[in-house]
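Reader: Hi! Could you walk me through this one while I look at it?
Author: Happy to, ask away.

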Amino acid sequence: MDNFLPLVSKENNTGELIVSLFELCNLACPMCPQNHNDKSNLDTVLNKIPNIKLSLDALKKKGKTSVSINLMGGELLLDELPDQIFLDYGILINEIRQYGKIINLQVDIRISLNISVLRTNQQGKCSQIHYL
C-alpha cells in the first residue's frame, strides 16, 4: 500500500456552461430533448445575456478561473433563420467576452453546429461571428 498516494483534489479551475438559445433544428437526433420545429425564441438570443453573466459570477465565486461556454440552440445555419440572428450571436459573444475580462475570468466560447445545411453565404456569416 505504500505505492499509493492520497488524492488531494479532483477539482479543476474550469467551469462549464451550456446555453441553449433556441430550438429550431433540421435534425431530430434521438438523444436531443429539443422541440426541433419550435420557431419561438429566435428573437430572444440577447435576452440570455443577464443570466449568462449571473452564471459567470457564480462560477467565479466558486473559485473558477476559466469557463467554457457552449452555445447551442437549434441550428444556426438554417436557411430560414433571419440574418439578424448572426448579429445577435456576435453581440452576445462580445458581451460575454467583455464581461469575462471585467471579472477576470477567462472565457472560451464554442458554437455547436450540425452544418448539414451549410450554404456559402451562411458559412461566411458564421465566420464573421468569430471576429466580432
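**Pocket, helix and loop**

Reader: Let's start with the largest pocket. Which residues lie nearest its centre?
Author: C25, C32, M72, G74 and N114 lie nearest the centre, among 14 lining residues. A pocket here is an open set of points on a 1 Å grid over the protein atoms alone, where a 1.4 Å probe fits, with protein on both sides within 12 Å along at least five of seven lines; lining residues have an atom within 4 Å of a point.

Reader: Before I go on, what kind of model is this?
Author: This is a predicted model, where local features need pLDDT of at least 70 and side-chain atom pairs count only at pLDDT 80 or more, while totals for chains, interfaces and linings use all residues. Residues are numbered from 1 along each chain as its sequence is written, and side-chain values use heavy atoms, without hydrogens and water.

Reader: Thanks! How much space lies in the largest pocket, and what classes line it?
Author: About 210 Å³. The lining has 7 nonpolar, 6 polar and 1 charged residues.

Reader: Switching to the fold: what pattern does the protein follow along the sequence?
Author: The pattern is β-α-β-α-β-α, with 3 helices and 3 strands in total. These are DSSP runs, helices being H or I of at least four residues and strands E of at least two.

Reader: And helix α1, which of its residues are buried?
Author: I49, I52, L56 and L59 are the buried ones, where buried means under 20% relative accessible area, exposed over 50% and partly exposed in between (1.4 Å probe, protein chains only). They sit on the same side of α1 because they cover an arc of only 80° around the axis.

Reader: What do the buried residues of α1 pack against?
Author: They pack against β1 (14–20), β2 and α2, with contact meaning heavy atoms within 4.5 Å. On the face turned away from that buried side are the exposed residues N51, L54 and K61. After α1 comes G63, with a positive phi near 95°.

Reader: Last one: where is P82?
Author: P82 is in the loop between β2 (66–72) and α2 (84–102). With a relative accessible area of 39%, P82 is partly exposed. P82 and L42 are 40 residues apart in sequence, yet their C-alpha atoms are 8.6 Å apart in space.

Definitions and conventions: Points joined across faces, edges and corners; volume = space filled by probe spheres on them. Nonpolar A, V, L, I, M, F, W, Y, C, P; charged D, E, K, R; others polar. Arc of directions from axis to C-beta.
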